[in-house]
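I opened this entry to keep a record of what I looked up, and in what order.

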Amino acid sequence: GAGSGKTAILSERVIRILKDGAHINELLILTFTKAASEEMKERIRDNIISAKLDKELDLIDSSYITTFDSFALSIL
């Protein structure tokens, strides 16, 4: 439900994956709403800054942090 920490947990997992050597533009992160995808992108951006993964900041705008609908439409 709302406020249960889903966004916080997912954004921390993304940072762990980035620290293991992946790049943000190699990940697919899907949410249900546009507002949630924008919040997710901002949360991940903040965590990237905190983790001092500055190289990833250049890649975040080309990453796939979007809604399920938008991703499905891009495939079609």
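**Entry 1: the buried side of H2.** Working with a predicted model, I began by listing the buried residues of helix H2, and found Ser 37, Met 40, Lys 41, Ile 44, Arg 45, Asn 47 and Ile 48. They cover an arc of only 165 degrees around the axis, which means that they sit on the same side of H2. On the face turned away from that buried side I noted the exposed residues Ala 35 and Ser 50. I then looked up what covers the buried residues of H2, and the cover includes helix H1 (6–19), strand E1 (28–31), helix H3 (54–57) and strand E2 (64–67).

**Entry 2: the span of H2 and what follows.** After H2 comes Lys 52, for which I noted a positive phi, near 60 degrees.

**Entry 3: Ser 37.** Which residues does Ser 37 contact, once its neighbours within four places in sequence are left aside? Ser 37 is part of helix H2, and its relative accessible area is 7%, which is under the 20% limit, so I recorded it as buried. With those sequence neighbours left out, the contacts of Ser 37 are Thr 31, Ile 65, Thr 66 and Thr 67.

**Entry 4: the largest pocket.** I next looked up the largest pocket, which holds about 280 Å³ of space. Its lining is made up of Gly 5, Lys 6, Thr 7, Ala 8, Leu 10, Leu 30, Thr 31, Phe 32, Ala 36, Glu 39, Met 40 and Arg 43. H1, E1 and H2 each contribute at least two residues to this lining, and by type I have the lining down as 6 nonpolar, 3 polar and 3 charged residues. Met 40 is listed in the lining and also among the buried residues of H2, while Thr 31, another lining residue, is one of the contacts of Ser 37.

**Entry 5: Asp 20.** Is Asp 20 buried or exposed? Asp 20 lies in the loop between H1 and E1, and with a relative accessible area of 67%, over the 50% limit, it counts as exposed. Lastly, I looked up the separation of Asp 20 and Ser 63, which are 43 residues apart along the chain, and their C-alpha atoms are separated by 17 Å.

How values were computed. Residues are numbered from 1 along each chain as its sequence is written. This is a predicted model: local features need pLDDT of at least 70, side-chain atom pairs count only at pLDDT 80 or more; totals for chains, interfaces and linings use all residues. Side-chain values use heavy atoms; hydrogens and water are left out. Buried means under 20% relative accessible area, exposed over 50%, partly exposed in between (1.4 Å probe, protein chains only). Helices (H or I, at least four residues) and strands (E, at least two) are DSSP runs, numbered from the N terminus. The arc is that of the directions from the helix axis to the C-beta atoms. Contact means heavy atoms within 4.5 Å. On a 1 Å grid over the protein atoms alone, a cavity is a set of points where a 1.4 Å probe fits but cannot get out, and a pocket is an open set with protein on both sides within 12 Å along at least five of seven lines; lining residues have an atom within 4 Å of a point. Grid points are joined across faces, edges and corners, and a volume is the space filled by probe spheres set on the points. Ala, Val, Leu, Ile, Met, Phe, Trp, Tyr, Cys and Pro count as nonpolar, Asp, Glu, Lys and Arg as charged, and the others, Gly among them, as polar.
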